[in-house]
Amino acid sequence: MLLKPSRIALAQISSVLGDVSRNVDRHVECCERALERGANAIIFPELSLTGYTLRDLNFECAIGLDSPALASLKKISKTITIICGAVEADERGAVYNSALLFEDGEVKHTHRKVYPPTYGIFEEGRYFSNGRIAEAIISERLGRIGLLICEDLWHPALPYVLALDGAQLIITIAASPTRLGTGENHSNKNINNVPENYTINREHHAAYARLLGCYIAFVNRVGVEDGVNFWGGSELVAPSGETVARGTFFEEDLIIVDIDPEQVRQARQRSRHFLDDDPVLTQQLLARLTGVDVKPTDSLEIQPKKAGKKVASGLL
């Protein structure tokens with residue numbers, strides 16, 4: 001079975017801007033609380049170790065995977081798998097908006113954000129290099145999963161590729177700012193005070209879950225930085241498209257959710273659209289648009305690549 005039964009904590013927190021040490025301490029505290037509630041994995045938001053609106057502080061807060069600042073997270077990862085966000089530096093001096101997976105006392109995997117946005121209020125492209133890899137990975141406690149960061153989930157090719165690669169749980173960590181004054185919920189009828197952002201994100205979480213027949217875990221931060229308010233609303237969406245659990249809006253929360261691999265099997269057998277998908281045909285159709293030649297093949301079965309012990313996503 002690709003996915004393992006597990007209990008996961010969605011740690012919807014705020015971060016101290018630019019203070020990695022204090023944020024690490026807070027992460028350890030949340031890990032201890034999650035362990036008390038029976039979780040074997042915990043997921044934090046995007047850039048949870050640094051805060052989001054860093055600007056030039058990105059270069060001061062950037063860390064390598066062997067940094068002593070990560071020692072306490074590595075230690076507690078012997079008892080709980082940790083996924084969190086950090087500014088990651090490589091040997092060349094480039095920095096990335098990265099998701100780190102800690103397990104068994106080490107950083108087992110990193111995903112570098114493929115699409116750091118530079119539009120509207122976003123200016124990530126001024127500081128971060130682009131990641132170039134999206135691949136499923138194996139967690140000892142969770143099974144085969146995929147990691148994405150915020151904007152990545154708005155590019156359908158990435159979750160599609162992760163699902164083809166065997167990921168049955170796609171985890172997205174986010175720092176999504178609040179948009180006010182527009183959208184279908186902006187009316188006097190919106191008595192539940194649901195942010196427009198949640199309505200929009202909830203719709204495409206459900207769509208991905210149904211179309212790919214997988215779990216979608218979304219962990220968004222809260223708090224205010226430089227006048228920007230983050231809305232929270234972290235959630236786990238089942239392969240049926242139904243929300244299993246959701247965090248509060250605008251407040252810190254620790255949501256405990258159970259992952260049942262049987263729901264993936266049932267969803268895919270009841271609606272076979274993902275099992276019947278033809279990725280080679282997709283490749284050929286894209287080749288027509290890009291001009292890249294693709295040789296036809298009779299075999300359409302995708303064999304997920306076996307993940308190594310430690311993989312860092314970077315430039316090809």
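**Close-up views of a predicted model**

K113 and E124 are both buried (under 20% relative accessible area; exposed is over 50%, partly exposed in between; 1.4 Å probe, protein chains only). This is a predicted model, in which local features need pLDDT of at least 70 and side-chain atom pairs count only at pLDDT 80 or more, while totals for chains, interfaces and linings use all residues. Residues are numbered from 1 along each chain as its sequence is written, and side-chain values use heavy atoms, leaving out hydrogens and water.

**View A. The K113–E124 salt bridge.** A salt bridge here is a side-chain nitrogen of Lys or Arg within 4 Å of a carboxyl oxygen of Asp or Glu. The closest N and O atoms of K113 and E124 are 3.0 Å apart. Both residues lie in the loop between β5 and β6, so the pair ties together parts that are eleven residues apart in sequence.

**View B. Other salt bridges.** The whole structure holds 18 salt bridges. E123 and R126 meet at 3.6 Å, N to O. E123 is partly exposed, at 25% relative accessible area; R126 is exposed, at 60%. R55, E123, R126 and D226 are linked in a network of salt bridges. R272 pairs with D276 at 2.9 Å, N to O. R272 is partly exposed, at 43% relative accessibility.

**View C. An open sheet of six strands.** The strand order is β6-β7-β8-β9-β12-β13, with mixed pairing. Strands (E, at least two residues) and helices (H or I, at least four) are DSSP runs, numbered from the N terminus. Two strands pair if DSSP finds at least two bridges between them. β6 (137-139) and β13 (243-246) stand at the edges with a single partner strand each, so one side of each is left without a neighbour in the sheet. Neighbouring strands are turned by 25 degrees against each other on average, direction ignored.

**View D. Strands β9 and β12 under helix α5's span.** β9 (residues 215-220) and β12 (residues 235-237) pair in the antiparallel sense over three bridges. I216 has V237 of β12 as its bridge partner. Helix α5 (residues 196-212) lies across β8 (169-174), β9, β12 and β13. α5 runs at about 30 degrees to β12; axes are lines fitted to C-alpha atoms, for helices over the stretch in contact (heavy atoms within 4.5 Å), and angles run from 0 to 180 degrees between N-to-C directions.

**View E. Surroundings of A134.** A134 sits in the loop between β5 (106-112) and β6. A134 touches L158, V161 and L162, not counting residues up to four places away in sequence. G146 is twelve residues from A134 in sequence and 7.9 Å away in space, C-alpha to C-alpha.
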